[in-house]
Amino acid sequence: MELKEGGKLSEDWWDIPMLKGNSREWIGYPTQKPIALLERIIKMASSVDDIILDPFVGGGTTIAAAEKLNRNWLGIDQSVQAVKVTELRLQAASDLLSNSYTVQLHKYDYDTLRYKDAFEFETWIVGQFGGIGNVKQRGDFGLDGRTQDNTPIQVKRSDSIGRNVVDNFLSAVQRYDKNLFERNKNGKKPVGYIIAFSFGRGAIEEVSRLNTEEDTIIKLVRVEEIIPIAVKPALGVQVNELSKNEKGERQIEFIAVGESPVGIEFYSWDFNYDETKRFKPQILLDKNGKQEYNFKAGSHIIAVKVVDNDGLENIEVIKLKINGVVERTNLFC
Ligand SMILES: C[S@@+](CC[C@H](N)C(=O)[O-])C[C@H]1O[C@@H](n2cnc3c(N)ncnc32)[C@H](O)[C@@H]1O
């Protein structure tokens, strides 16, 4: 191209410096790219509300940039570490106006599922079962969803479901769609599915009686038959006082020790944890579980998360009171 007077050809490179280990945005992911680079690409190639897909998410830079620029996004990675680091990175940058997102892993831990918001859990597990969740929270005789061929599904986010649940479900299924009920019954197909963490003897015996005496099949499905459930990692944290400086600040050493049958992936630290908000780590990716931090006199809440190779996590929250001495209390979340 020929230059007009006073003009300058644009360069064939972008002036975005490489990330250094001491940079503020450095999260410790080895292949991490600068967010300015991804922001520039996303702005150039998409508009607000478009969908950005990164199938090799790594440290989550594309997703963080997409979120910042109000794009929808999908992130995929084969590595549990990459998925969890991306999740924690979004969490650290989140505020009240942030969009919600879901994270899909290969395994789930019992406590997280069991104590999740009930409606959210019902819709999610129906989806995992291959069905369609009932988006209305009420009505439809208390049914929580249906299979692709419209057979009703009921979800109970509890253990040892009793016979009364089977009785109520059977009458709801009959009222929901009498013709469908008769069709399924005559075709020797299930008239409905109940999903729960476990079923008591009363429920199991009643389902078996209905099958043999009334030719009515109700399927009892345990959550662990739909998704793999594992035990979350155990976590202990040791707190040691290292030194005190002339301003009365204490240098404290934290040693986190996680245990999991599948091995520990990494630890994350929030030295300014606010129980009313979410975990917002300043140290996202710590492979060794060892940190040193300086604290002024006063009360401090520190939270540490451990993530195992299945992507399951546990958290420990520690309250430190620093005055003449260092006092530690464990808080339970
Ligand atoms: C170079 S890194 C991505 C770096 C990312 N842009 C960042 O800013 O951190 C490549 C990622 O691709 C993932 N990966 C490699 N092969 C994959 C595959 N077949 N399916 C899904 N993820 C894969 C790796 O686990 C790694 O996290």
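A polar contact here is a pair of N or O atoms within 3.5 Å; within protein, one must be able to donate a hydrogen and the other to accept it, and residues adjacent in sequence count only if both atoms are side-chain atoms. The model is predicted: local features need pLDDT of at least 70, side-chain atom pairs count only at pLDDT 80 or more, and totals for chains, interfaces and linings use all residues. Residues are numbered from 1 along each chain as its sequence is written, and side-chain values use heavy atoms, with hydrogens and water left out.

View 1. A polar side-chain atom of Tyr 29 lies 2.9 Å from a ligand oxygen atom. For Thr 61, a side-chain N or O atom is 3.1 Å from an oxygen atom of the ligand. Gln 78 places a backbone N or O atom 3.1 Å from a ligand nitrogen atom.

**View 2. Residues around the ligand.** The shell holds 13 residues (a heavy atom within 4 Å of the ligand). Tyr 29, Gly 59, Thr 61, Asp 77 and Gln 78 come nearest.

**View 3. The largest pocket.** About 1700 Å³ of space lies in this pocket (an open set of points on a 1 Å grid over the protein atoms alone, with protein on both sides within 12 Å along at least five of seven lines; a 1.4 Å probe is used, and lining residues have an atom within 4 Å of a point). Its volume is the space filled by probe spheres set on the points, which are joined across faces, edges and corners. Of the 43 lining residues, Glu 87, Thr 112, Arg 278, Lys 305 and Glu 313 lie nearest the centre.

**View 4. Domains.** The assignment, automatic or from a database, gives domain 1 (13-104), domain 2 (109-226) and domain 3 (231-332). The C-alpha centres of domain 2 and domain 3 are 42 Å apart.
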